[in-house]
Every structure is written in structure tokens, then in C-alpha cells.
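Thank you all for coming.

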Amino acid sequence: MKDAESLFFGNGSRLFGMYHPPTGQSRNHGIVICAPLFHEYYRSHFVLRKVAGDLANKGFDVLRFDYSGVGDSQGSLPDDLFNTWSEEIGVAMQEVRDLSGCKNVALITARFSASLGCCWQSRSSKHVSWDPVLDQQQYSQELDEMSAASLAEHSSLPADARDHHEQNDFLGTRWPRKKLNERLLAFAPNTGAQLREASLDDSVHVRSDVSWISASLAMIYAHDTANQIIEAF
Amino acid sequence: MVKVVTNLNSMPNGDADPTELALDLDKSNGLFGILTKTGRAGADIGFVLINAGLLHRVGPFRLYVEIARSLAKAGYPTIRMDLSGKGDSDAMSGLSLAETNLVNIRTACEKLEHETGARRFVIGGLCSGADDTLQAAAKLDNLAGMLLFDGYTPKGMQYYMRRYAPRLFSPQSWRKRLLKNGQQQNGQGSPIGTLRNWGTPKEMVQRYRDAVDANTRILAIYTGWAGNHCAYPLQLTNAIKHPRAAALITERHLPNATHLMPISAHRQQAIESILEWTEGFVSSETIL
């Protein structure tokens with residue numbers, strides 16, 4: 001396998017990325033992989049790395065990256081986080097073009113990143129989404145469930161302390177729950193419909209039986225899902 | 001394998017974030033890490049953080065990122081690395097897991113010295129990161145300290161007294177116990193040690209004693225998760241039964257925190273403990 005290259009890119013070189021150049025015959029086609037958010041980010045890292053490597057072996061130029069304030073990227077969560085992260089998908093798409101010389105770039109997105117990537121769909125050659133969020137209200141409830149499940153383990157904390165953390169440090173982000181929820185529900189409310197209505201020619205939804213809410217934080221070994229994503233190309 | 005693109009524009013945004021470099025720790029074996037540099041010259045001590053379980057170098061809820069950036073601002077460069085087969089590091093064949101981890105950690109230390117001039121190292125991590133650190137410690141050169149989150153703690157008579165005596169007189173405790181026995185008959189629950197890289201109790205105590213013999217300082221941070229095997233402050237220090245244990249071991253308990261520290265305030269408490277320990281560490285070197 002050809003070496004993957006790590007880099008910091010974007011405005012101020014604040015975004016961390018891993019670029020997987022193609023091995024063997026290049027297809028002259030880029031792919032940007034957009035990880036899911038919050039707890040789901042950690043659970044999917046292994047699978048998405050595998051997907052990137054396997055697609056590079058099939059001849060694609062693949063870039064995985066972390067959004068601002070996430071993973072190895074610089075900074076903390078941007079105030080207008082969902083719009084900023086959505087813009088960063090566009091930055092990543094341009095970066096893979098610059099790195100590879102490819103004109104065509106496809107997107108692989110997971111969970112709410114599918115919504116973040118929606119506005120780039122028309123400028124991508126293909127959009128493969130893993131368990132996309134098709135209903136933002138439902139996703140908001142799922143985030144609440146993830147938070148509740150996480151805080152339920154803090155049995156030594158009094159209920160009011162747990163409630164305080166849930167409301168003011170939602171999902172360990174240091175953000176108030178209300179603020180994050182408002183940003184979430186205000187972000188491009190029609191993306192769910194757009195994702196549902198996208199034509200099958202250029203949009204593929206990969207469904208897995210992963211329980212995103214209750215899965216261990218550490219890992220998802222979803223090999224079947226990885227293979228489905230890869231086979232979409 | 002990972003190439004390094006050292007981006008000269010990867011500069012901190014004011015005081016917001018220290019400079020970070022993506023590092024090819026070992027080209028031939030695809031070992032990867034991120035170096036968080038300090039703006040101060042002449043750092044003698046550097047940190048290496050190793051994976052918590054199967055999580056990559058970021059750590060749970062970005063714990064390792066927060067630790068590394070805080071340490072860097074305090075003057076200590078840090079490498080957050082992915083051990084072979086984890087995160088973005090390739091798997092390595094031909095060696096046992098313990099041997100591989102040892103090679104990996106030594107490589108990271110060499111790289112840290114090369115990049116920053118640090119000549120002494122603090123190694124650490126959460127969960128298996130603590131276990132792997134302790135296992136490798138005896139064979140590491142220039143090991144100044146270990147940072148162990150929810151590491152193994154030997155039990156002793158005082159542990160059993162403190163943990164179980166109150167339960168003998170608690171009806172609620174008896175009810176829970178009877179219910180739990182029912183569940184275990186259905187196959188639920190498993191001993192913690194089988195999920196971790198723990199040797200026998202005797203081996204584990206010896207690892208700590210060897211570290212203390214070598215004048216290695218230890219910061220042991222325990223969350224509420226560790227309550228199953230760590231029942232009181234100074235349990236580790238007392239259990240090691242070494243004349244220098246009290247001088248070299250610092251224990252910090254965060255009983256309200258859970259193992260992965262999803263609550264930011266708990267991560268912040270852990271970081272403050274690390275920084276406080278580190279400052280005391282450096283200032284007392286001449287004393288030892």
C-alpha cells in the first residue's frame with residue numbers, strides 16, 4: 001500500500017487531514033471522507049480509515065479530515081459550527097483536487113456529515129452516506145439519548161449535578177445543550193428531504209445495524225459496512 | 001506508512017493552540033503520531049501519550065489533545081502516538097504485543113528527543129495506555145515518570161475492609177448482591193482484569209516496585225470507574241511497600257469522573273493535576 005500522507009490544510013492550516021494517494025493505476029478521481037460528529041466520531045475512525053485505504057488501493061485519491069475543533073484539527077468548536085463544518089467540506093474537496101490534480105471529487109459522509117455535505121452534493125461526482133440523518137429532530141433526540149446514556153454512568157453525581165453538566169457541557173463539548181440544539185435545528189432544515197429525494201444515480205445510502213447511541217465509544221468493527229461503502233465506487 | 005507534511009503555516013493562532021506537527025515516527029513500520037511543540041526553548045522533559053484501548057491518539061473526548069496542548073503551553077512537548085495497529089499506525093508483525101509496544105514507545109522517545117531536545121520522558125495513558133506504560137517501564141531508558149489513568153492498583157487488607165465492611169450492614173447492599181448473583185448466572189458481568197493487560201498481582205506489584213527502584217515518579221489518576229479495585233487514597237502507595245513509594249507516587253482521585261471522562265470539568269481537573277505534578281516534578285529533581 002502506498003504511504004498515506006498527513007497534513008494540516010485550509011485557512012491558517014488549521015484542519016488536519018490524512019491523504020491516501022492511489023496505489024497502482026490512478027482513476028484520477030478524488031474522494032473526501034467526512035466523519036460523523038461527537039461520540040460517533042470515535043466509533044467510526046477505524047472503519048473510515050479502512051475505507052480510505054481500500055479505496056486508495058482501487059485507484060482513488062482519498063482525503064479524510066477532522067473538522068475545526070475536532071480530533072487533531074486546531075481550535076475549539078466554532079460558534080457557527082455546522083455552517084463552518086459544512087464549508088470545511090468544500091475546503092477539503094478543493095484540497096484533494098490540489099493534492100491530486102483530479103477534477104472530479106466524490107463524498108463519503110457518515111451520519112450528520114451527510115447533512116453537512118448536502119450543499120456540496122451537486123458539485124460532487126457521487127455522495128455515499130453511511131446512516132445519514134434524515135430527520136434533524138430525531139437526531140437531536142438521539143443526541144439527548146447519547147448524553148443521557150453517558151451521564152447515567154455518573155452514579156456518584158447528584159441528579160442536579162448531572163443535569164447541570166447535561167445542560168452546560170453537552171456531550172462533553174463545553175457547549176450548552178440549548179445552544180447546540182438551536183444550531184442543529186437551524187442548520188439547513190431541508191437537508192433531510194434533500195437526502196431522501198436525491199437520485200440513486202449520484203447518491204447512495206449505506207445502512208448498517210450499528211447502534212450509534214449505545215455502541216461502545218471505542219470502536220465499531222463494521223466490516224460489512226466498510227465493504228458496502230467501497231463497493232459503491 | 002505515513003509521510004509527514006510539515007506545514008510551516010501550522011502556527012498557533014495567537015495563544016489559542018501550540019504548534020503541532022504530524023510525525024512519521026518510524027517510516028519502515030508505519031508508526032504515526034502528532035507532536036505538540038512548546039514555544040519555550042530547552043525542554044528537558046517530554047511526554048508520550050499512548051492509546052487508550054482502541055481509541056486513536058486523540059483520546060476519549062479529546063482528552064489527549066487537551067493534555068498535550070496544556071503541557072505544551074506549560075513548556076513540555078508531547079507526542080500523542082498511535083501504537084502499531086491502532087489509529088493511523090500500521091500493524092507490525094514478528095514481535096509480541098509487549099515487544100511491539102516497547103519498540104513503539106522507544107521510537108517515540110527518540111523522535112521526541114530529536115525534534116525537541118528532550119532527554120527524559122514521561123510516558124502514560126488511560127486504561128490500556130496505563131497498562132502498556134507500566135509493562136514497558138522497566139525496559140525504557142531515561143524514564144522520568146509515568147502518567148497512569150485508571151491503572152492497576154494492588155489490593156490489600158485495607159482495600160477489602162473499606163470496600164466490603166460497610167456492605168455487610170447494608171440491607172440494600174444485600175439485595176443488590178442477590179440480584180447481581182442472579183444476573184451472573186445468566187452470564188452477565190466479567191472481571192475487569194480479563195479486559196486489561198494485567199499480569200498476576202505479584203507481577204503488577206513488582207512492576208511498580210521496579211519503577212520506584214529506578215526513581216521513576218508516578219502520577220496515578222483514578223476515576224470512579226476504578227472504585228472496583230481502588231477503594232481509598234494512597235492505596236497504591238501503601239500496597240507497593242517500598243521505602244521511596246511515598247516520595248515518588250502521587251495519587252489523585254476523581255471519584256465523580258467516569259473512565260472516559262465525558263464531562264469537561266473532570267478532564268480539566270485531571271489536566272490541572274498533571275500540570276501541578278509536573279511542576280513539582282521538575283523542582284524536586286535536585287532533592288532526589
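Predicted model: local features only at pLDDT ≥ 70, side-chain atom pairs only at ≥ 80, totals over all residues.

Let me begin with strand E4 of chain B, residues 45–50, which is mostly covered, since six of its six residues are buried. In a regular strand the side chains alternate between the two faces of the sheet. In E4(B) both faces are covered, with B:Ile45, B:Phe47 and B:Leu49 buried on one side and B:Gly46, B:Val48 and B:Ile50 buried on the other.

Which strands, then, pair with E4(B) in the parallel sense? One is strand E6 of chain B, residues 120–126, which runs parallel to E4(B) and is joined to it by six bridges; within this pairing B:Gly46 has B:Phe121 as its bridge partner, and B:Phe47 stands opposite B:Val122. Another is strand E5 of chain B, residues 78–82, which pairs with E4(B) over three bridges, also in the parallel sense, and here the bridge partner of B:Val48 is B:Ile79.

Stepping back to the whole sheet, we have an open sheet of eight strands in chain B, in the order E2-E3-E5-E4-E6-E7-E8-E9, and its pairing is mixed. At the edges are strand E2, residues 20–26, and strand E9, residues 249–254, each of which pairs on one side only. From one strand to the next, the twist averages 20 degrees.

Helix H3 of chain B packs on this sheet, where it touches E4, E6 and E7 of chain B, and its direction makes about 140 degrees with that of E6(B). Helix H6 of chain B, for its part, lies across E7, E8 and E9, running at about 140 degrees to E8(B).

I would like to stay with H3(B) for a moment, because nine of its ten residues are buried, and the helix therefore counts as mostly covered. Among the buried residues are B:Ser128, B:Asp131, B:Asp132 and B:Leu134, and the buried residues of this helix pack against E4, H2, E6, E7 and H6 of chain B.

The contact is made by B:Ala98, B:Asn101, B:Leu102 and B:Ile105 from H2(B), together with B:Asp132, B:Gln135 and B:Ala136 from H3(B); by class, that gives four nonpolar, two polar and one charged residues.

Turning to the cores, the largest nonpolar core has 65 residues, and of these A:Phe82 and A:Trp85 touch the most other members. Leaving out residues up to four places away in sequence, A:Trp85 touches A:Leu37, A:Phe38, A:Tyr67, A:Ser68, A:Val70, A:Leu77, A:Pro78 and A:Leu116. Apart from this core lies another, of 42 residues, which includes B:Met204, B:Ile218, B:Leu236 and B:Ile240.

Finally, one residue in chain A: A:Thr225, found in helix H8, residues 223–231, is buried, with a relative accessible area of 5%. Beyond its neighbours within four places in sequence, A:Thr225 is in contact with A:Trp130, A:Val206 and A:Ser208. A:Asp209, which is 16 residues from A:Thr225 in sequence, is 8.8 Å from it in space, C-alpha to C-alpha.

Definitions and conventions. Residues numbered from 1 in each chain as written. Chains lettered and ligands numbered in written order. Heavy atoms only, no water. Core = buried A, V, L, I, M, F, W, Y, C linked by side-chain atoms within 4.5 Å. Buried < 20%, exposed > 50% of the residue type's maximum accessible area, 1.4 Å probe, protein only. Contact = heavy atoms within 4.5 Å. Helix = DSSP H or I, 4+ residues; strand = E, 2+ residues; numbered from the N terminus. Nonpolar A, V, L, I, M, F, W, Y, C, P; charged D, E, K, R; others polar. Pairing = 2+ DSSP bridges. Axes fitted to C-alpha atoms, helices over the stretch in contact; angles between N-to-C directions.
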